[in-house]
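Look over the structure below before reading on. The text that follows takes its contacts in turn and then turns to a stretch described in a record.

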Amino acid sequence: MSHPTQLTSETYAELRAIAARYPEARSGLLPMLHLVQSVEGRVTPEGIEACAEVLGISAAEVSGVATFYTMYKRKPVGDYLVGVCTNTLCAVMGGDQIFERLKEHLDVGNDETSEDGKITLEHIECNAACDYAPVMMVNWEFMDNQTPESAVRTVDDLRAGKDVHSTRGPRLCTWKQAERVLAGFPDDLADEGPSAGPASLVGLGIAREKGWSAPSTEASGRTGDPDSLTEAVEDADTSRAESETKVDDK
Amino acid sequence: MSIDVLTPVLTDNWDQDRSWTLAAYEEQGGYAAMKTALGTAPDDIITAVKDSGLRGRGGAGFPTGMKWGFIPQDNPKPKYLVVNADESEPGTCKDIPLMMASPHTLVEGVIISSYAIRANHAFIYIRGEVLHVVRRVQRAVQEAYLAGHLGKNINGSGYDLDVVVHAGAGAYICGEETALLEGLEGRRGQPRLRPPFPAVAGLYASPTVINNVESIASVPSIIRNGAGWFSSMGTEKSKGYGIFSLSGHVTRPGQYEAPLGITLRQLIDLAGGMREGHELKFWTPGGSSTPLLTPEHLDVPLDFEGVGAAGSMLGTRALQLFDETTCVVRAVLRWTEFYKHESCGKCTPCREGTWWLVQTLARLEKGQGSEDDLDLLLDQCENILGRSFCALGDGATSPISSSIKYFRDEYLAHLTTGGCPFDPAASTTFATTGASA
Amino acid sequence: MTTTPEKTALVNVTIDGVQVSVPPNTLVIRAAEQIGVQVPRFCDHPLLAPVGACRQCLVDIPDAGNGKPIPKPQASCTLPVAEGMVVETQVTSKVADKAQQGVMEFLLINHPLDCPVCDKGGECPLQNQAMSNGRGETRFEGVKRTFPKPINLSPQVLLDRERCIVCQRCTRFTDEIAGDPFIEMVERGAQQQVGIAPDAPFLSYFSGNTIQICPVGALTSAEYRFRSRPFDLVSTAGVAEHDACGAAIRVDHRRGKVMRRLAGNDPEVNEEWISDKDRFAFHYARQDDRITHPMIREDGELRPASWPEAFAVAARGLHAAGPSAVLTGGRVTAEDAYAYAKFARVSLGTNDIDFRARPHSAEEADFLASFVALNADVSYADLEAAPVVVLAGLEPEDEAATIFLRLRKASKRGTQVVALAPYSTRGLGKMNGRLVPTVPGEEAAALGSLKDAEFGVTKDAVILVGERLAQSHGALTAALELARTTGARLAWVPRRAGDRGAVEAGCLPTLLPGGRPVADASARIDAATSWGLESVPEKTGRDGDAIVAALVKGDLSGLVIGGVDPDDTSDPAATRAAIEAAGFVVSLEQRLTEVAALADVVLPVAPVDEKAGTFVTWEGRPRPFEGVFTKPGSLPDLRLLAGIADELAVLGQGSPLGFRTVAEVRAEMAAMGPWDGERPELVLGKEPKRPRAKAGAHALASWKLLLDRGSMQDGDANLAATARPAVARINQAAYDALFGLHDGPASVVLTGDRGSVTLPVEVADLPDAVVWVPANSFGRGVLADLASPGGSVTVKGAK
């Protein structure tokens with residue numbers, strides 16, 4: 001079987017360029033698959049074959065990777081991939097309600113695309129913005145502190161072709177454009193958006209207000225106590241290392 | 001002398017205009033530590049980091065300087081530094097704002113750390129799901145190259161360093177350092193057998209240091225201010241400062257940078273208390289993989305030893321706070337579903353165990369089953385904890401066993417009620433006061 | 001031969017209270033085996049790298065050897081022993097036992113209860129260990145994971161995903177051992193499964209091994225699936241008959257029928273692996289055209305006959321025909337080859353005998369007589385130990401699969417493979433090999449160039465030359481010269497199972513059994529004495545090509561022929577003409593082949609599973625085997641030859657052969673023993689005439705793929721469907737010249753002195769003006785349909 005493919009000789013050149021960033025070419029595979037998505041709108045069999053060819057590995061090896069990571073999509077994705085965090089904290093703070101409302105509003109289930117092909121909805125795991133819960137991501141841009149209403153407004157605006165901005169970033173680009181950035185081809189939008197959202201700054205604001213700061217350099221003189229370091233090694237939660245084998249007895 | 005309650009170091013420039021740019025960073029004294037470092041012997045930098053007492057900020061708390069010292073310098077292979085910017089532990093949200101607001105802090109740390117371990121190639125592995133953060137770090141690296149802080153013969157020092165920004169593609173397990181290396185080598189992110197440890201055979205089977213973003217970002221401050229300055233903060237075995245991330249039912253969730261050893265009570269006070277009219281019910285000290293704690297632990301010093309003594313782990317200082325409107329069974333079920341979703345599949349206990357745990361918990365949450373199921377759950381946890389290949393399986397058991405320990409009655413209430421006695425709407429940020437349970 | 005590793009200090013550990021000393025780095029799971037403790041395991045396999053995935057083999061370590069316990073149970077399959085280590089397995093540790101029971105319970109919650117219909121039931125490690133190390137009852141009341149079943153990973157290999165316990169043995173085998181990572185773990189977590197890429201099936205020559213090492217019934221073959229139950233099968237050890245590697249196999253049979261074949265475990269030869277050809281290609285002997293009774297030609301038609309009648313008719317015919325010759329193919333056992341060799345000398349009074357049913361040369365016959373016979377200088381272990389292994393006229397993945405696996409293993413440990421070949425094959429890539437691009441016919445020069453120090457051919461190196469080198473004048477001489485000047489060891493690797501044995505048994509015009517040169521009077525006397533004769537024929541015999549020519553010309557009239565396919569020979573048309581021209585033909589065959597159909601007497605011979613015999617490997621290692629079945633009327637070649645000889649003796653020609661059974665032949669061969677006298681010198685003769693290449697013609701490079709149209713692969717359509725397709729290969733420049741910037745699949749028309757063929761074309765790193773095609777993957781093969789050996793062809797683009 002064969003699908004119409006958008007992969008051009010330029011795509012191949014870019015795939016090779018990604019591989020060339022690394023001391024060993026295969027390291028480029030994750031970004032290469034992002035690039036495939038930016039061109040094909042998903043990971044296609046042709047895209048898998050292209051990566052395999054460029055890297056000199058088997059298509060099965062590429063497939064194994066492409067199916068392991070959740071950002072790689074095997075069904076076509078809409079212009080905007082809307083992800084609602086339903087991990088515990090966001091879910092409790094309202095993520096569940098937001099997700100339900102969007103499913104209803106878009107008349108889709110999880111990992112489905114609205115009829116107009118604009119919005120693909122999925123629930124996602126913790127996206128490292130818990131202080132902005134409930135969080136929604138659109139094409140992996142932060143949409144902080146959502147409510148069901150704000151989420152519906154966002155998807156409606158996107159479907160209507162209106163400009164929508166990330167709460168901590170630029171105007172939303174398409175999912176394919178976002179995937180291109182993740183492939184390591186920047187889009188010049190780094191300077192958009194604020195340094196930090198409000199929650200990121202609350203502690204700093206309090207410190208500023210109270211005049212608190214880290215000690216000045218002169219005020220300190222103590223150094224680490226070697227004994228406590230040794231104990232720290234023993235205390236360190238190296239369970240991951242230990243779970244497999246004994247720690248070397250040095 | 002006394003140390004202030006909050007000690008902004010890493011967060012200190014986040015409120016500056018265009019703080020992510022090289023110009024703004026340098027205006028605040030950025031890259032001075034790099035210049036100092038490049039004029040210092042690499043071993044002296046390792047010594048300084050050892051002396052500072054800095055312990056890994058990614059959760060495990062392994063002394064950073066000691067990790068660097070494990071790199072066999074007589075090994076002829078290239079050395080690599082890999083920054084673990086795959087921040088994915090539920091509740092953890094410190095590295096992402098750091099890289100968004102001040103990516104140059106990280107880049108400067110990367111240069112100094114790479115120099116110390118004699119690496120000429122460093123990688124920043126950022127989880128893919130944070131597009132704007134990827135942009136900011138890409139830009140910072142580009143600016144650093146243009147300024148001569150990266151590339152050949154950095155600032156005339158004779159030291160060469162190339163940095164590659166690598167976007168991940170969606171896998172919590174890649175926060176585990178050997179799984180991250182697999183991802184960085186273009187493979188399925190499944191943890192590797194150890195030994196060999198990455199310090200001996202990591203990336204491309206070469207000596208490799210893998211450090212968390214916050215650990216690396218702390219290095220310039222140590223070089224700038226000295227090991228003694230750093231160790232003047234914190235507690236006896238948990239030196240320095242760290243970013244504490246408050247989330248959930250607290251009035252002002254956000255990032256609070258303070259010396260290790262601060263208590264949750266202090267932090268909640270600073271954050272304006274729990275949300276109006278509600279009380280703390282349970283919390284995680286360092287992400288969902290750290291056993292739950294309760295209000296009785298409000299005065300536990302948030303350092304490695306203190307939290308450990310309380311039966312949990314400091315982890316990533318991801319303080320997720322839940323008030324009395326929250327059903328602990330629902331919370332735990334959702335986390336368990338997360339572990340099932342993120343289990344890499346390599347080992348049996350984690351792959352099959354999380355599958356089973358979810359089914360058992362889901363029944364309980366619906367009020368089905370019996371009290372025996374709680375013992376079954378605990379036995380399943382016992383068969384996973386310490387039996388799985390990596391710590392993901394261990395982490396999956398933490399919320400379950402700790403919640404049964406503290407909230408057994410609430411599980412039983414589900415059985416007597418024949419379902420969940422809580423109103424999920426009451427927990428939301430958009431709940432009207434009247435909807436509270 | 002091999003060097004004994006230096007004795008290293010042993011490590012002392014205590015396992016379940018029993019002290020045991022094992023070599024350093026021994027894994028705890030194997031140390032436990034030493035004291036008879038079987039720790040349950042799934043992912044562990046002694047020939048695969050430890051992975052620690054299934055966690056079934058957890059044990060408790062109260063003392064890691066440093067006086068401290070390891071706090072958590074440890075996977076004994078990944079933990080090396082340490083001096084003073086104390087290990088407690090499930091036998092003595094409640095913790096270990098509970099850990100193992102816990103893991104087993106986890107494995108079973110999603111495992112279907114379809115053991116009664118599962119092929120693995122009865123020989124299933126999961127079933128067995130669930131009984132020995134699992135809980136009696138399940139505590140799981142939930143929903144099991146299910147998948148639509150089954151899926152085809154290839155036409156031959158099927159996967160029932162719900163049975164899979166994702167131990168990764170199969171994917172590790174394909175990656176580590178075969179170098180064919182065409183199956184991979186896909187998806188993740190509870191959905192993790194073995195999979196292939198879209199449109200890229202699991203086409204590996206070694207795919208069947210994954211079925212054998214699967215510890216559950218997840219992988220099955222289309223060929224064996226649902227055919228029988230393990231406990232209904234009888235197993236007999238055997239030796240694979242498809243190449244000269246001598247791989248150990250296990251033949252599982254039921255009621256006189258082979259149901260399946262498995263790899264035998266022979267660390268010195270094939271370890272635990274065999275090719276799919278060795279595993280699945282066994283139906284050829286059970287095809288409809290199997291001959292079940294003797295036949296004689298009467299009024300132009302073949303009719304059934306009794307054995308005595310057939311022997312008598314054969315003897316009368318040969319006696320009347322006068323000068324007769326013997327042609328044997330590669331399938332004969334050493335015992336049968338000996339019988340042919342003796343029959344030629346004793347009954348037909350001639351040295352006109354040749355086993356080389358393929359292009360051959362006088363240089364090769366000399367090489368075999370002077371160097372190969374009686375030589376057992378190189379073994380598999382030596383390949384593994386050699387710093388450099390040179391391949392010339394040999395593509396191991398296709399022509400000697402066990403050598404390929406061993407060389408791949410060696411290359412992963414540092415052995416440098418250097419191949420004189422027309423292009424970088426996939427097999428060479430998997431051995432990390434270095435290509436010395438060689439135009440067909442120029443192998444001698446290329447071998448000469450390997451004396452250059454940069455190739456590292458020193459006294460520790462091994463040179464493997466394939467039978468195809470006979471087609472390249474001077475190449476075998478050059479290989480010997482390279483070995484002599486560098487001190488490297490040399491071995492000859494024929495393609496077929498019986499070839500090396502035939503050399504030893506004297507199926508050559510210049511060689512009597514036991515390496516006795518025909519030209520050496522004392523060797524002849526020695527043979528004659530051993531046989532109780534006055535003399536054996538003195539005149540050097542005709543080789544295969546000369547026999548064919550003499551039959552056509554009428555200088556020879558009688559022919560005894562067994563196991564020869566004319567299409568394999570130098571000149572298929574000439575061979576056919578010779579058979580037709582022969583005054584009298586006796587054919588010894590398993591199936592009613594083209595040759596048998598032309599014969600005057602057809603004698604059915606037993607296939608390998610119906611007789612005992614010996615194959616001699618390329619190393620010179622005898623691989624005896626006993627018959628799987630005893631079927632009356634299914635007789636080895638040697639018995640039939642003895643029958644004819646008896647009748648000839650009655651007619652006053654020759655004398656009885658003196659044996660009727662395999663055992664008697666073995667005894668006679670042993671009594672005769674090897675020649676201990678002078679060995680002949682290799683004399684490089686004149687270069688044979690080749691048809692002149694047309695201007696612009698391409699030199700033709702070719703060999704037989706492992707899976708092709710060979711008749712011993714008949715009868716398994718699933719196996720055939722995994723064969724590599726027939727394509728022609730040319731270099732990029734030639735491709736561009738033919739097709740310009742044409743994108744997409746293209747074909748070429750190749751035309752040689754024997755015909756034309758159209759094949760899809762692929763680009764490879766061939767030298768200019770060289771084209772490669774598989775030798776027997778289209779039509780009747782290269783020699784019948786395209787060009788003479790060493791010939792050239794024109795290459796044109798096809799529409």
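**Contacts between the chains**

In this predicted model, 117 residues of chain B are in contact with 89 residues of chain A. Which helix gives the most to the side of chain B that touches chain A? That is helix H7 of chain B, residues 131-146, with 7 residues. By residue type, the side of chain B that touches chain A holds 51 nonpolar, 41 polar and 25 charged residues.

Chain B also touches chain C: 24 residues of chain B are in contact with 27 residues of chain C. On the chain C side of this contact, helix H2 (residues 94-109) supplies the largest share, 6 residues. How does the side of chain C that touches chain B divide into nonpolar, polar and charged residues? There are 16 nonpolar, 7 polar and 4 charged residues.

Chain C also carries an annotated stretch. UniProt, in an unreviewed entry, lists residues 95-134 of chain C as "domain: 4Fe-4S His(Cys)3-ligated-type". In the model, residues 95-134 of chain C are 60% helix and 0% strand.

Chain C has a mean pLDDT of 95, and 98% of the residues of chain C reach 70 or more. For the model, the scores are ipTM 0.96 and pTM 0.95.

Methods: Residues numbered from 1 in each chain as written. Chains lettered and ligands numbered in written order. Predicted model: local features only at pLDDT ≥ 70, side-chain atom pairs only at ≥ 80, totals over all residues. Contact = placed C-beta atoms within 7 Å. Helix = DSSP H or I, 4+ residues; strand = E, 2+ residues; numbered from the N terminus. Nonpolar A, V, L, I, M, F, W, Y, C, P; charged D, E, K, R; others polar. UniProt positions renumbered as here; feature names shortened; annotations may be inferred. pLDDT = per-residue confidence, 0-100.
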